[in-house]
Amino acid sequence: MIAVSFGHLLKLQKKINYLSRKMKNYMRKIISFMHLSLDGFVAGPNGEMDWIKVDDEIFDHVGKRISEGDTALYGRVTYQLMESYWPTAANKPNASKHDIEHSAWYSKVHKLVLSKTMKEADLPNTTIISENLSDSINKIRQQAGPDILLFGSPTATHSLMKLNLIDGYWLFVNPIILGRGIPLFADSKEKIKLNLVSTRPFTCGVTELNYTVDRQ
């Protein structure tokens with residue numbers, strides 16, 4: 001009787017483990033979308049990003065994946081930069097195809113902003129996350145929907161990395177060595193196993209690396 005009971009418990013535990021893994025696969029994933037230098041910096045010492053290469057080939061490729069999302073994640077500084085440009089970008093006389101398309105997407109997408117100082121007030125279609133970061137992000141990850149891209153935002157990225165809340169890295173490696181600046185993997189002390197999903201070189205010299213975090 002004891003052996004049968006133990007066997008039954010073992011099967012039950014295996015089933016629980018299987019369902020747990022399956023649930024994780026259905027969770028929304030937080031994907032860090034970042035441009036970086038060959039030596040791993042996402043910005044210069046003073047936040048400079050004038051070294052980042054983008055062109056129509058990259059815009060078209062990136063736009064396809066971005067358009068599939070219904071939620072965008074930003075840190076405060078990046079969000080404020082986005083707000084200063086994208087809401088009216090399509091209205092400018094010299095608006096490019098990318099300006100028009102991304103402006104339309106930005107206006108309809110739900111925006112999540114990590115900030116301890118901002119207030120929601122009259123911000124349209126925007127949610128401010130200022131506390132209980134781990135619980136707040138996990139609740140969002142457990143909702144139905146496509147992956148959520150974290151646009152740039154190195155400070156927010158570092159905070160989420162420390163809490164093991166980044167599920168993938170969508171990186172665009174630029175052909176430049178900065179030597180110093182803001183690193184993507186700041187204060188990273190633990191090994192994180194990654195699975196390479198895809199890679200693509202662009203004519204301008206940028207290389208796309210698309211990874212998911214191995215949580216097995």
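I started with D60, which forms a salt bridge with K97, the closest N and O atoms being 3.1 Å apart. D60 lies in helix α2 and K97 in helix α4 (residues 97-108), so this pair ties together parts that are 37 residues apart in sequence. D60 comes out partly exposed, at 38% relative accessibility. A reminder to myself: this is a predicted model.

Searching the whole structure gave me seven salt bridges.

Another of them is R200 with E57, whose closest N and O atoms are 3.4 Å apart. Here strand β9 (residues 194-201) holds R200 and helix α2 (residues 56-66) holds E57, so the pair ties together parts 143 residues apart in sequence. I have R200 as partly exposed at 29%, and E57 as partly exposed at 26%.

I then checked D167 and R215, which form a salt bridge at 3.0 Å between the closest N and O atoms. D167 sits in the loop between α6 and β7, and R215 in the segment after β10, 48 residues apart. D167 counts as buried because its relative accessibility is 5%, under the 20% cut-off. R215, at 31%, is partly exposed.

Last stop, helix α3 (residues 76-83), where I looked up T78. T78 is buried at 15%, and its side chain makes a polar contact with the side chain of S153 (3.2 Å). V77, also in helix α3, is partly exposed at 49%. With M49 and L81, V77 forms a nonpolar surface patch of about 280 Å² accessible area together.

Terms used
Residues numbered from 1 in each chain as written. Predicted model: local features only at pLDDT ≥ 70, side-chain atom pairs only at ≥ 80, totals over all residues. Heavy atoms only, no water. Helix = DSSP H or I, 4+ residues; strand = E, 2+ residues; numbered from the N terminus. Buried < 20%, exposed > 50% of the residue type's maximum accessible area, 1.4 Å probe, protein only. Polar contact = N/O pair within 3.5 Å; in protein donor to acceptor, adjacent residues only side chain to side chain. Patch = residues over 30% accessible without salt bridge, like charges linked within 9 Å, V, L, I, M, F, W, Y side chains within 5 Å. Areas by Shrake-Rupley, 256 points an atom, 1.4 Å probe, with all protein chains shown as cover. Salt bridge = Lys/Arg side-chain N within 4 Å of Asp/Glu carboxyl O.
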